[in-house]
Amino acid sequence: MIEFIEKMQSKFAETNLAMITFGDEGADILAEDLLNGDVDDHAGNTEVSIMLASKPDISKKPKTGSTKDTVDFNWDKRIIELTAYGIIDSNPEWVASAEIGHKLIKIYADNLISKIRDFSN
């Protein structure tokens with residue numbers, strides 16, 4: 001992504017291009033405290049919680065105690081090669097909730113706003 005930005009910057013000389021992500025180590029530490037475990041990579045407690053908070057009408061909370069594969073993932077393989085359900089999350093328990101989702105949204109939104117402000121100065 002950095003290469004792409006550097007390449008495109010010359011085409012837009014009067015505009016500063018940057019890649020800003022909402023997450024980082026600081027935000028992940030706050031999220032991990034809420035989740036009592038690591039932030040997931042795909043379809044785990046983090047993303048399910050955010051969906052329960054933002055789109056409850058199309059989201060389903062996993063049943064407490066339901067089976068949950070724990071998969072650590074390095075993105076060298078396709079998700080389907082490692083897990084039939086697409087869940088990439090090392091936390092062995094489902095702790096997802098709308099309450100956690102609202103708190104995660106605030107953590108990530110505040111972090112992104114801070115990064116944009118830092119970039120703007």
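This report describes the charged pairs, surface patches and one loop of a predicted model.

## Basis of the model

Local features need a pLDDT of at least 70 and side-chain atom pairs count only at pLDDT 80 or more, while totals for chains, interfaces and linings use all residues. Residues are numbered from 1 along each chain as its sequence is written, and side-chain values use heavy atoms, with hydrogens and water left out.

## Salt bridges

A search of the whole structure finds three salt bridges, each defined as a side-chain nitrogen of Lys or Arg within 4 Å of a carboxyl oxygen of Asp or Glu. Asp24 pairs with Lys115, their closest N and O atoms being 3.5 Å apart. This pair links distant parts of the chain, 91 residues apart: Asp24 is in the loop between α1 (2-9) and α2, and Lys115 is in helix α5. Helices (H or I, at least four residues) are DSSP runs, numbered from the N terminus. Asp24 is partly exposed, at 28% relative accessible area; buried means under 20%, exposed over 50%, and partly exposed in between (1.4 Å probe, protein chains only).

Glu99 forms a salt bridge with Lys103, with 3.3 Å between the closest N and O atoms. Because Glu99 and Lys103 are four residues apart in helix α5, about one helical turn separates them. Glu99 is exposed at 54%, whereas Lys103 is partly exposed at 39%. Asp110 and Lys106 meet at 2.7 Å, N to O, and they too lie four residues apart in helix α5. Asp110 is partly exposed, with 38% relative accessibility.

## Surface patches

Patches are made of residues with over 30% relative accessible area and no salt bridge, joined within 9 Å for like charges and within 5 Å for nonpolar side chains (Val, Leu, Ile, Met, Phe, Trp, Tyr). Accessible areas come from the Shrake-Rupley method with a 1.4 Å probe, and for residues only the protein chains shown count as cover. Ile20, Ile116 and Phe119 form a nonpolar surface patch with about 250 Å² of accessible area together. Phe119 belongs to helix α5 (residues 98-120) and is partly exposed at 43%.

A patch of negative charge gathers Asp38, Asp41, Glu47 and Asp72 on the surface. Asp and Glu count as negative, Lys and Arg as positive, and His and the chain ends are not counted. The place of a charge is taken as NZ of Lys, CZ of Arg, CG of Asp or CD of Glu.

## The loop between α2 and α3

Asp41 sits in the loop between α2 (25-35) and α3 (45-54) and is partly exposed at 37%. Asp40 is in the loop between α2 and α3 as well, but Asp40 is buried at 7%.

The side chain of Asp40 reaches the backbone nitrogen of His42 at 3.3 Å. A polar atom of the Asp40 side chain also lies 3.3 Å from the backbone nitrogen of Gly44.

Note on methods: Helices (H or I, at least four residues) and strands (E, at least two) are DSSP runs, numbered from the N terminus. A polar contact is a pair of N or O atoms within 3.5 Å; within protein, one must be able to donate a hydrogen and the other to accept it, and residues adjacent in sequence count only if both atoms are side-chain atoms.
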